[in-house]
Amino acid sequence: MRVMIAPDSFGETLTAVQAAHAIADGWASARPQDDLVLMPQSDGGPGFVDVLATRGGDVRTEYVSGPLVDSVDARWLLVGSTAFVEVAQACGLGLLGGAPDPQTSLSAHSRGVGEMIDAALGAGATTVVVGLGGSSCTDGGRGMVRALGGLGEAMSKLRDVELVVASDVENPLLGPLGAAAVFGPQKGADAAALDVLEDRNADWAEVLRAVTGKAVDERDGAGAAGGIGAALLALGGRRRSGAELVAEYTDQDAVLGDVDLVLTGEGKFDSQSLRGKLVTALASAGGRFSVRTVVLAGQVVLTDRQVADAGVTAAHSVTEFAGSVDVAMSDARNQLTALAARVASDW
C-alpha cells in the first residue's frame, strides 16, 4: 500500500513532525513493503512553523518575550514575502516552565507574538500568516498590540499588509463559548480567574471597537488563542482555516489522490475534533478520494458511532495501548511507534 502519514501535534508531548516519524517507524517495522509518504499537518497550533518548513523557506529565530517573565527563542518562517508566525512559539503552554495555575492564567501575555510580527515586517514581509493555538494566555491579544506600539501604531504598520488569521477555532471572544469560559480552565484558570479574564476581555473588546471601528468580539475565531484572534481581526486580519491553509501549502489533495490509506492523529480525539479540526477535516478530504482514514491519538473519548460518523475507519488510543496516561505521555514516541506497528500488523 501507499500510506500517507499526516498527524497533527500531540499536545506538548510530540510535534507533528515527531509524531509522523514515530508512526512511520512503527508502520514500516510491521509492513516494510508499504510506501510511506510523510506529511505532518497543523491547524495553526503548536508545530505550525515546523510543518510548513518541511516544504522549504527561511526559518528565523527571534529572542522575544515569553508568556511570563523570561524571554524565549521563537521560530518563524519567511517564504518570499510571506511570513508564517506561530503564536505557541512565544506564549505556548509549554513555555510556562511548569503546570499552568490560576496565577499564570492571569499573568501570561502575548507580547512576544507582537515582537515576532514586528520582526517579520522588518524583514520585508507583505503577507503575515499567524497560526493560532496552544497559547497559555487569555489577554485578547493586548500584549501583542502593545508590542506593536499600541492600536494606532499597529494599524499603521499593518495597513498595507495582508494579515491572515490561521485557525480552526470558531469560538467568539466572550460569553459561555468564549476564550475564557472554554479554554481558560486548560490554562489553569479557576472560577475566580475566569471572571477576571472575562471582564478584562469585555473591556478590551470595547477598546478595539472604539479605536478600530470594528466589533469583533462575536466573530468566529475571535476567541482563538486566548482572544489573540480578536485583536488580529480588529487589525484587519482575514480568518482562514489553518488546516486548509496547511493542506494547500503541502499539496495534500495531490497526495490523497495517490494513496490507499491515511494515518493521522492528535493528542485527544474528542468532541472538539468533530468541529472541523484537522483530523476530521483530513478524514473528510480523504473521503472525497475514497481513501480510508485511521486515527492514532493520545486519547480517544468518542464512541464508535461518532468515529464512524466523522468518516474515520478506526481510532486507536495510545493511552489504552500503554496502559496509563503517565506512560503514554512520558514515553510518547515509543508508545506511538509501538501502537502504529500493532495496527499495521493487524491491517
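Buried denotes a relative accessible area under 20%, exposed one over 50%, and partly exposed the range in between (1.4 Å probe, protein chains only). Helices (H or I, at least four residues) and strands (E, at least two) are DSSP runs, numbered from the N terminus. The model is predicted, and local features need pLDDT of at least 70, side-chain atom pairs count only at pLDDT 80 or more, and totals for chains, interfaces and linings use all residues. Residues are numbered from 1 along each chain as its sequence is written, and side-chain values use heavy atoms, with hydrogens and water left out.

**Figure 1. Overall view of the predicted protein, with 17 helices and 13 strands.** The radius of gyration is 20 Å, close to the 20 Å that the globule rule gives for 347 residues, so the protein is as compact as a globular protein of that length. This radius is taken over C-alpha atoms, and the globule rule is 2.2 Å times the number of residues to the power 0.38. Along the principal axes, the C-alpha atoms fill a box of roughly 60 × 45 × 35 Å. Of the 347 residues, 53% count as buried. Among contacts (heavy atoms within 4.5 Å) with a separation of 6 or more, 73% are made by residues 24 or more positions apart.

**Figure 2. Surface and charged side chains of the protein.** The accessible surface comes to about 13700 Å², and carbon and sulfur atoms account for 47% of this area. Accessible areas come from the Shrake-Rupley method with a 1.4 Å probe; for residues, only the protein chains shown count as cover. There are 26 positive and 44 negative side chains, and the centres of the two sets lie 3 Å apart. Lys and Arg count as positive and Asp and Glu as negative, while His and the chain ends are not counted. Each charge is placed at NZ of Lys, CZ of Arg, CG of Asp or CD of Glu.

**Figure 3. Helix α1 (residues 16-30) and the elements that cover its buried residues.** The 15 residues of α1 should span 21 Å at 1.5 Å a residue, and the end C-alpha atoms are 22 Å apart, which agrees. The expected span of a helix is 1.5 Å times one less than its number of residues. The buried residues of α1 are A16, A19, A20, A22, I23, A24, G26 and W27. Their cover includes the strands β1 (2-5), β2 (35-38), β9 (261-264) and β11 (292-297), together with the helices α2 (48-53) and α17 (332-346). The loop between α1 and β2 holds P32, which counts as exposed at 63% relative accessibility.

Figure 4. F10 is buried, with a relative accessible area of 6%. Leaving aside neighbours within four places in sequence, F10 is in contact with A19, G265, E266, G267, L296, A297, G298, V318 and L336. A19 is also one of the buried residues of α1. The C-alpha atoms of F10 and T138 are separated by 22 Å, the two residues being 128 apart along the chain.

**Figure 5. Helix α5 (residues 111-122) and residue V72 of strand β4 (residues 71-79).** The twelve residues of α5 reach 17 Å from the first C-alpha to the last, close to the 16 Å expected at 1.5 Å a residue. Buried within α5 are G112, V113, G114, M116, I117, A120 and L121. After α5 comes G124, with a positive phi near 95 degrees. V72 is buried, with a relative accessible area of 13%. The C-alpha atoms of V72 and G112 are separated by 8.5 Å, although the residues are 40 apart along the chain. Beyond its neighbours within four places in sequence, V72 is in contact with E62, Y63, V64, S65, G66, Q89, A90 and L95.

**Figure 6. Positive phi at A225 and at S290.** Most residues other than glycine have a negative phi. A225 is not a glycine, yet its phi is positive at about 55 degrees. A225 lies in the loop between α9 (191-212) and α10 (228-234) and is buried, with a relative accessible area of 10%. S290, likewise not a glycine, has a positive phi of about 60 degrees. S290 lies in the loop between α13 (278-288) and β11 and counts as exposed at 71% relative accessibility.

**Figure 7. R288 in helix α13.** R288 is exposed, with a relative accessible area of 56%. R288 and D35 are 253 residues apart in sequence and 21 Å apart in space, C-alpha to C-alpha.
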